[in-house]
Each structure stands twice: as structure tokens, then as C-alpha cells.
Amino acid sequence: MAYDRNNIFARILRSEIPCQKVYEDVHVLAFSDIRPQAPVHVLVIPKGEYVSLDDFAAKAPAAEQAAFVAAVGKVARQLGLTEAGYRVLANHGADAGQEVPHFHVHIFGGKRLGRMLPRE
Ligand code: 5GP
């Protein structure tokens, strides 16, 4: 799948759409999810153009991948979630219900999060 430069997160990165910024560095932006599904729900995205986790894992230089993982830990620490715990989730593709075609991970926290997946 080709990267769509008009996806909503690309527009947030270009500051065409506002976001509630939580963290930013040279490689990464983190901001609050617009429809939070937990008391804390933050999205972490790379600044590079990657469609999904698969694309990022296959194409991003090692330094960008390392910076991304470091930033996820840093954001969770900054949010005060590390001691109580949190969940990190990435949706790739149709079966996972990925909505936005720019790689992102969700950080959920602020309460007991329950089962990883709902019962069928
Ligand atoms: P996905 O299903 O692709 O893993 O998750 C996409 C997430 O992006 C959803 O949780 C959705 O609420 C969030 N989202 C969609 N549009 C916007 C937006 O314009 N701003 C922000 N902050 N979050 C968005």
C-alpha cells in the first residue's frame, strides 16, 4: 500500500490540523487520541512516511526504529504510567481495523485495562 500524504496524521504533522501534543522530538510526535478509550489514550507516531507497523519495521532505518521505541517508553514515563502500568497497541491492516494509514501506536492507561481482546 502506497503512503497517502493526505491522511489525517500526515496533516497533523504538517500542522494543518491541531492536536493536543504530549511529546515531540526529531523523529516522533505524540498526542492525545481524539476519541479516548481509556483515561489516558495517547498516540505515538514517527515523523517519517510509513503506512503501518509492517512498513515501519521493513523500511525505517534502525536509528528511527530505536528512537521510536525509546520515545514510547519516554512518553509513558512522562505521563506517569510506568509504575501502575499501561498497554501499547498497534493495528496493522483490515483484520486489526486500522483506520489511519500512518503508523502509530496507542498508549492506554489510567485504569485497570482488563482483557487484551474482548471475548468473542
Ligand atoms: P487505528 O484504528 O488506526 O489504530 O486508530 C486510529 C486512532 O486515531 C483512533 O483511536 C482515532 O480516535 C484516532 N484519530 C482519528 N482521527 C484523529 C484526529 O484527527 N486527531 C486525533 N488526535 N486522533 C484521531
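Which space is taken by the ligand? The ligand takes up the largest pocket, a pocket being an open set of points, on a 1 Å grid over the protein atoms alone, with protein on both sides within 12 Å along at least five of seven lines; a molecule sits in a pocket if more than half of its atoms lie within 2 Å of its grid points. This is a predicted model, in which local features need pLDDT of at least 70, side-chain atom pairs count only at pLDDT 80 or more, and totals for chains, interfaces and linings use all residues. Residues are numbered from 1 along each chain as its sequence is written, and side-chain values use heavy atoms, with hydrogens and water left out.

The volume of this pocket, the space filled by probe spheres set on the points, is about 800 Å³. Its lining (residues with an atom within 4 Å of a point) comprises 33 residues, and Asp33, Arg35, Gln37, His41 and His106 are the closest to the centre.

Around the ligand stand 17 residues, of which Asp33, Asn91, Glu99, His104 and His106 come nearest; a residue counts as near if one of its heavy atoms lies within 4 Å. A polar backbone atom of Glu99 is 2.7 Å from a ligand oxygen atom, a polar side-chain atom of His104 is 2.8 Å from a ligand oxygen, and a backbone N or O atom of Gly97 is 3.3 Å from a ligand oxygen.

Terms used: On a 1 Å grid over the protein atoms alone, a cavity is a set of points where a 1.4 Å probe fits but cannot get out, and a pocket is an open set with protein on both sides within 12 Å along at least five of seven lines; lining residues have an atom within 4 Å of a point. A polar contact is a pair of N or O atoms within 3.5 Å; within protein, one must be able to donate a hydrogen and the other to accept it, and residues adjacent in sequence count only if both atoms are side-chain atoms.
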